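Please read them with the model open.

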Amino acid sequence: MNHLDNRRLKNLFINKGLQFKIIMTSLVYMFLVMVVTTGAILYPDLYTMFSSQELSAQYQAAQNFLVLAKRIIPSTVILFVLFFIHQLFMTHKICGPLVNFTTTFKKIGDGDLSRRVILRKGDYLKVECEAINGMIEGLSKKFQSIADEHERVIGVLEGSLTVIVDDQIKKNIECLLEELKEKRLDMAHQHASDGDTDV
Amino acid sequence: MDNKGVRTTAFVRKDAWIKKKRKKGFQDGDEKKGLTLTELVLIISVIVVFFVGGAVFFKVTSKSAYDITAKHDLQKFADFQDYYYKLNNRCIGEQGQSIRNDGVPSDLPIENYTVSEGVFITIIAGDPVNPNDPDNPYVFQAKHEKSDKVYEYNFQSGKMMER
């Protein structure tokens with residue numbers, strides 16, 4: 001599992017669809033927030049600039065506006081870029097575990113209960129991860145007890161073969177035993193496959 | 001029968017949603033793409049429109065601010081000339097001279113007086129000794145380096161106009 005922390009730049013878009021959706025929506029909201037904030041800051045000066053009859057008042061407002069504009073434009077762009085980068089990393093920390101969850105669910109669907117979800121340092125959804133691992137652990141135990149029960153039934157049936165005299169019943173039990181042993185092989189096969197736990 | 005936890009409606013809606021998507025030509029794998037092309041174009045358009053709108057707004061408003069600055073400095077310069085004329089019976093500076101704060105050296109240095117950043121005022125006509133001559137009035141112009149508008153002040157009429 002030494003490749004778990006192998007986080008490269010190209011992996012930042014680990015789940016493009018979801019990440020892109022979250023980032024774009026957040027950016028639009030961020031933009032609206034910036035527009036409203038900038039508008040609220042600049043409105044008094046703009047109002048004075050365009051509606052005052054006094055040149056000195058207009059001049060003061062114009063100077064204020066120029067100073068604010070000089071600072072607001074670059075800070076807005078920087079904020080926007082920083083917000084984008086933050087969103088990229090944040091969604092990566094959510095989508096990374098989600099990808100892991102999805103792979104794990106698929107493995108569980110295939111009957112592989114050996115896989116566990118392992119999160120990287122800094123990943124979100126730790127509680128959910130623990131719940132899923134607990135669920136797999138529980139399922140695994142149940143599965144094991146079923147397998148044990150299965151073994152016991154096979155043992156009982158094999159034991160009964162020695163005492164049963166009726167050929168028809170014997171034949172039926174043998175068929176049943178064959179089926180049960182096949183199932184046992186399947187279960188053993190699924191248990192033996194060690195799942196990967198990569199992200 | 002206990003029907004708790006069975007959300008039949010949700011499944012019906014999901015089916016309807018899948019059918020709707022299939023109708024539009026989506027495949028199962030496309031769900032991973034998240035945003036449709038239309039949504040993507042819409043979002044990018046909104047951001048671009050906001051950015052372009054913001055840029056245009058700031059450009060236009062900044063130009064107005066520069067014009068106000070030039071106008072204000074011209075008015076101040078006119079007031080200063082008027083004061084100087086009343087004290088010395090002549091105006092300061094000669095035709096062609098300018099006082100500036102746009103990086104170019106000023107050839108009309110006045111102590112304790114400067115114009116705003118980017119503004120330059122040039123005396124374009126008139127005699128400083130006789131600034132109120134109706135045939136050759138004392139006239140100066142102001143302009144901000146980042147604006148195209150030129151403001152002109154006629155000392156004889158005391159009026160400012162846009163050129």
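1. How many helices and strands are there in chain B? Chain B has two helices and five strands. Their order from the N terminus is α-α-β-β-β-β-β. Helices (H or I, at least four residues) and strands (E, at least two) are DSSP runs, numbered from the N terminus.

2. A word on the source. This is a predicted model, in which local features need pLDDT of at least 70 and side-chain atom pairs count only at pLDDT 80 or more, while totals for chains, interfaces and linings use all residues. Residues are numbered from 1 along each chain as its sequence is written, and chains are lettered from A and ligands numbered from 1 in the order in which they are written.

3. Chain A has four helices and zero strands. Its elements run α-α-α-α from the N terminus. Of the 199 residues in chain A, 13% are buried. Buried means that 20 or more other C-beta atoms lie within 10 Å of the residue's own; exposed means 12 or fewer, and partly exposed is in between, with C-beta atoms placed from the backbone. In chain B, buried residues make up 21% of 163.

4. Now the contacts. Two residues are in contact if their C-beta atoms, placed from the backbone, lie within 7 Å. Take the contacts in chain A between residues at least 6 apart in sequence: 68% join residues at least 24 apart. In chain B, 44% of the contacts with a separation of 6 or more are between residues 24 or more positions apart.

5. Helix 1 of chain A covers residues 16-51. Its 36 residues should span 52 Å at 1.5 Å a residue, and the end C-alpha atoms are 49 Å apart, which agrees. The expected span is 1.5 Å times one less than the number of residues. This helix bends by about 45° at Tyr43(A), and Pro44(A) follows within four residues. The bend is the angle between axes fitted to the seven residues ending at a residue and the seven starting there.

6. Which residues of helix 1 of chain A are buried? They are Gln19(A), Ile23(A), Met24(A), Leu42(A), Asp45(A) and Met49(A). Their cover includes helix 2 (55-109) of chain A and helix 2 of chain B.

7. The two chains touch. In this interface, 18 residues of chain B are in contact with 21 residues of chain A. On the chain B side, eight are nonpolar, seven polar and three charged. Here Ala, Val, Leu, Ile, Met, Phe, Trp, Tyr, Cys and Pro count as nonpolar, Asp, Glu, Lys and Arg as charged, and the others, Gly among them, as polar.

8. The five strands of chain B form an open antiparallel sheet in the order 1-2-3-4-5. Strands pair if DSSP finds at least two bridges between them. Strand 1 (98-100) and strand 5 (159-162) of chain B are at the edges with a single partner strand each, so one side of each has no neighbour in the sheet. On average, neighbouring strands are turned by 20° against each other, direction ignored.

9. Strand 1 of chain B is joined to strand 2 (residues 119-125) by three bridges. Arg100(B) has Phe120(B) as its bridge partner there. Strands 3 and 4 of chain B pair over five bridges, and a hairpin joins them through five residues. Phe140(B) stands opposite Tyr153(B).

10. Strand 4 of chain B also pairs with strand 5, over four bridges. Tyr151(B) stands opposite Glu162(B). This hairpin has four residues between its strands, and Gly158(B) in the turn has a positive phi of about 70°.

11. In a regular strand, side chains alternate between the two faces of the sheet. On strand 4 of chain B, Tyr151(B) and Tyr153(B) form the covered face; Val150(B), Glu152(B) and Asn154(B) form the uncovered one.

12. Helix 2 (residues 37-88) of chain B lies across strands 2, 3, 4 and 5 of chain B, at about 150° to strand 3. Axes are lines fitted to C-alpha atoms, for helices over the stretch in contact, and angles run from 0 to 180 degrees between N-to-C directions.

13. Most residues other than glycine have a negative phi. Asn89(B) has a positive phi, near 60°. Asn89(B) is in the loop between helix 2 and strand 1 of chain B, and counts as exposed because it has 8 C-beta neighbours inside 10 Å. Asn112(B) has a positive phi of about 55°. Asn112(B) lies in the loop between strand 1 and strand 2 of chain B and is exposed, with 4 other C-beta atoms within 10 Å.
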